[in-house]
Amino acid sequence: MNLPLLPILLLVALAGVPLLSPPDYFMHLLITAVLTAVMGTGWAMMGRFGLVSFGHGAFLGASAYTMALLWNELGITPWLGIPVGVLVAVLLGALLGYPCFRLRVVGHYFALVTLAAGEIVRILVTALREHTGGSLGMTPNQAPPGGGFLAMQFGKAGFWWVALGAWALALLVWWLLDRSMTSKALAAIAEDEDAAASIGIQVAREKLKITVISVAFAALAGALLAQYRMYLNPESLSGLGVSLQIVFGAIAGGMYAPFGPSIGALITIGLEEALRFGFGTELTGAAPLVYGVLLVLFMLFLPRGIAGLLEKRAPTRKPAAPAVQLAE
Amino acid sequence: MSAALQHAPGPSLELTNIQAGYGDFQALFGVSLRVEPGEAVGVVGPNGAGKTTLLRVISGLLRPRAGTLRFGGQDLAQLPAHALPALGIAHVPENRRLFPHLTVEENLKVGAFSKAARAHFEQRRDHVYALFPRMQQRRHQLAGTMSGGEQQMCAIGRALMSGPKILLLDEPSAGLAPLVVQQVFALVKRIREEGLTVLIVEQNVAQVLRVVDRAYVLETGRVAAEGRAADLAADSAIRRSYLGGH
Amino acid sequence: MDLLDPFFLEALVNGILLGGVFALPALGLNLVFGVVDVVWLCYAELVMVGMYAVWFLYTQAGWPLWLAFAACLPLVSLLGLLLHLLVVKPLLNQPPINQVLATGGVLFVLQGAATLAFRTDFRSLGVDMPPMEVGEVFVSGTKLAAFCAALLGAGVLWAFLKFTYVGVAIRAIARDREVMPLMGVDPQRIYLIASAVGGALAGLAACLLVVQLDVHPFVGLSFGPITFMICVMGGLGNMLGGFLAAFLMGLIISIGGFWGNTEYSYVIAFLFFILTIFARPRGLFAR
């Protein structure tokens, strides 16, 4: 299998960015954008097959809080805490997904079950305020002097490379998936679940596979983002709000192309910053307002996202391309 | 009986060279057909001949690709489907399509939805109950819990609620026991004796030719034959193809 | 334990009262879903707008409370109409997920607009009715009044669906869309009416909630998710199912709060929802 050359060159070039010693603020935006891109890419891995989750926030929260609590309460380094957190999130996703797929909870029903899961995590995080700080949020303890690396508390360049690694991994997995039987099976399932089952595709198993992968990336990005910011709060790491933001990024960028969600992340982060600069913190409401208008406009006029514009035009005009079929 | 029983002769229905289909599939290739006021006309033919498509075109559920479609002076192709019941066109669709979770009377109420029909609701409902006394007994029963024959009567009753000038019936005998088929056709006969124009699509050729004045034979989207019902019933080719005769 | 424990009885009563409050948005959401076949993800935000409207008209513009309430209903109803015309209608032939996400976009729009207009402060109406004492059980007068109004609203809706031509057509269209034009029914018009009625129910829910909860731009997130769960538990589009599920959820939350605290009782309610869907994927009351 030949990996495409261009993305690898891009990655190498991006890895060199800190060597140019750009301003901190610029690095901060880049790191945030790349981690957001990992979340969106993870979400789109299942979203593009009609498995629409409104609960990915739950998985960010599960891994981030696991990581932070392990560090604060037991002193276990995030290097270990993050894998454990991702595992917790994956187990949660499997626990939720498996019965759904087995019992054929699909379409709206699946979306709303995931929404409930996201809310459960949000409320739990808030309720366990003695440990998590509740809605005020929590801060991972500072590493002792000299222990920065061990505690995964290092400068922007270090985080940039970690984030870039996660992003590369997500794209690699997407690329591998596109060449796997799983992706073909899932496409068949999205088209017609009964027909797929009748030709011997193990529907529940294939769906579970993609869910686990998708959740793992969202969870990884969530934990890394929390560790980078050194701050966790339930609003930004669980619940419907952040879940919809992930969905927004993936949709706006385009969830069918591997780079689509990353483009979406650039848009969301860029937008957020532009609005903050343009309107100042006083008008915080402007950001969701603009998101919302854009999301509606995308659905109305560009359901396949920005990446959809770059797709090769089919020789014959087809009716408006559906973003994805909810199997029902 | 009540005044609702008297149907003034309505306009004639006239289809010229109708072409219609779904996507890449063409179902009708230049069908022309005419139903005079007070007449009962049958359209017969094998499965897939385009009979249902024809009725869907007339009632506006499907737009013709070419050809004209007139009801009296009105060009039907210019009107949305939901405007047609008010003009006097009522369509009893294939498989009846009752609302199974509504009661019999509620089904009739939906049939009387158009503004003009609402004023006559009680009068027409009583007329329907007079035609089908069993509907009156079951007026508060959920339509989905009735037998096939009763559902067919309810569907016809629902169509009558709009006060139609022409009644389009799609396979009223489908899926019914032979005895019930007899009853349904007897009802169709009664309805047309009241002066209502009827266009009926059927696979049960022998039965339908006894009820209608004239009939068209539709084959793969084209009119293969047309004529008086008695002549068609006597036609040896048609007997061979549709009546199992010799 | 003693089932006649006054505190337990109080929790029971409060659960039923809470169910009444959940019932209205659940009915509205189910109505729209049943007819138009689209989930309004921003339904709770429509309620939020209504709450702000009442708060603004009453505390800022100095209107009498009843007039603010009376204005809230048509206002949110109009919002429902606009939502349908501008966002849902152009997407009617698109896959359901596109429709849901577009209404999710409207959720952000309304939250953002509310933040811009009123900032993130919690706004309170500052009206309260004296509690009533029945035996040893104290019942909040405000909650009781809201409950009665919710039942009244549900009753009016029931009569509308049962006895009017449009109401019967609404129940019919939920089952068979394609045949409706043959009845002389323009489905597009029924969609509009259902959206307006769905909006009006959100407006009524806003009136009942604004006397019990403080308004802030994100208040929708506190009862929106539970409303969706209730609808799904009752069976999406199944009005009666949703109505009953609202009381079930109200009781779970209130009795859960009696034994533990309210936050955990929401967790229990959501878990109960998930397990329900596993057991009956089309809702508790699916036929």
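Which residue stands opposite Val41(B) in strand 9 of chain B? The residue opposite Val41(B) is Arg214(B). This report takes up the pairing to which these residues belong, after the confidence of the model and the contacts among its chains.

## Model and confidence

The structure is a predicted model, with an ipTM of 0.88 and a pTM of 0.86. Chain A has an average pLDDT of 85, and 92% of its residues score at least 70. For chain C the average is 89, with 98% of the residues at 70 or above.

One stretch of chain A calls for caution. Over residues 313-328 of chain A the pLDDT stays under 50, although the model has 34 contacts beyond four places in sequence for this segment. Where pLDDT is low, predicted coordinates should not be read in detail.

## Contacts between chains

Two pairs of chains are in contact, and chains A and C share the most contacts. Chain A contributes 46 residues to this contact and chain C contributes 42 residues. On chain A, helix 5 (107-127), helix 12 (239-253) and helix 14 (286-301) each supply at least two residues of the side that touches chain C. The largest share, 15 residues, comes from helix 5 of chain A. By class, this side of chain A has 35 nonpolar, nine polar and two charged residues.

Between chains B and C, 22 residues of chain B are in contact with 14 residues of chain C. Helix 2 (84-87) and helix 3 (104-111) of chain B each provide at least two residues of the side of chain B that touches chain C, and helix 3 of chain B gives the most, with four residues. The classes on this side of chain B are ten nonpolar, eight polar and four charged residues. Chains A and B, by comparison, are joined by no contact; their closest C-alpha atoms lie 12 Å apart.

## Helices of chains A and C

Helix 2 (residues 24-47) of chain A has 24 residues, which should span 34 Å at 1.5 Å a residue; the end C-alpha atoms are 34 Å apart, in agreement with that value. Of these 24 residues, 18 are buried, so helix 2 of chain A is largely enclosed by the rest of the structure.

In chain C, helix 7 (residues 187-210) also has 24 residues. From first to last C-alpha, helix 7 of chain C reaches 34 Å, close to the 34 Å expected at 1.5 Å a residue. Because 18 of its 24 residues are buried, helix 7 of chain C is largely enclosed by the rest of the structure.

## The surroundings of Phe54(A)

Phe54(A) is located in the loop between helix 2 and helix 3 (56-74) of chain A. Phe54(A) counts as buried because it has 28 C-beta neighbours inside 10 Å, the cut-off being 20 or more. Leaving aside residues up to four places away in sequence, Phe54(A) touches Ala111(A), Thr114(A), Leu115(A), Gly118(A), Leu240(A), Ser243(A) and Leu244(A). Pro7(A), by contrast, is 47 residues from Phe54(A) in sequence and 30 Å away in space, C-alpha to C-alpha.

## The four-stranded sheet of chain B

An open, antiparallel sheet of chain B contains four strands in the order 2-1-4-5. Strand 2 (25-35) and strand 5 (74-75) of chain B stand at the edges with a single partner strand each, so one side of each has no neighbour in the sheet.

Eight bridges pair strand 1 of chain B with strand 2 of chain B in the antiparallel sense, and Tyr22(B) stands opposite Phe25(B) in strand 2. These two strands form a hairpin with two residues between them, and Gly23(B) in the turn has a positive phi of about 55°. Strand 1 (residues 13-22) of chain B is also joined to strand 4 (residues 66-71) of chain B, by five bridges in the antiparallel sense; here Gln19(B) stands opposite Ala66(B). Helix 1 (residues 51-58) of chain B lies across strands 1, 2 and 4 of chain B and runs at about 65° to strand 2.

## The six-stranded sheet of chain B

A further open sheet of chain B has six strands in the order 6-7-8-3-9-10, with mixed pairing. Its edge strands are strand 6 (89-92) and strand 10 (222-228) of chain B, each pairing on one side only. Neighbouring strands of this sheet are turned by 15° against each other on average, direction ignored.

Strand 3 (residues 40-44) and strand 9 (residues 214-219) of chain B pair in the parallel sense over four bridges, with Val41(B) opposite Arg214(B). Helix 7 (residues 148-160) of chain B packs on the sheet and touches strand 6 and strand 7 (166-170) of chain B; the direction of this helix makes about 165° with that of strand 6.

Technical notes
Residues are numbered from 1 along each chain as its sequence is written. Chains are lettered from A and ligands numbered from 1 in the order in which they are written. This is a predicted model: local features need pLDDT of at least 70, side-chain atom pairs count only at pLDDT 80 or more; totals for chains, interfaces and linings use all residues. Two strands pair if DSSP finds at least two bridges between them. Two residues are in contact if their C-beta atoms, placed from the backbone, lie within 7 Å. Axes are lines fitted to C-alpha atoms, for helices over the stretch in contact, and angles run from 0 to 180 degrees between N-to-C directions. The expected span of a helix is 1.5 Å times one less than its number of residues. A residue is buried if 20 or more other C-beta atoms lie within 10 Å of its own, exposed if 12 or fewer, and partly exposed in between; C-beta atoms are placed from the backbone. Ala, Val, Leu, Ile, Met, Phe, Trp, Tyr, Cys and Pro count as nonpolar, Asp, Glu, Lys and Arg as charged, and the others, Gly among them, as polar. pLDDT is the predictor's confidence in each residue, from 0 to 100.
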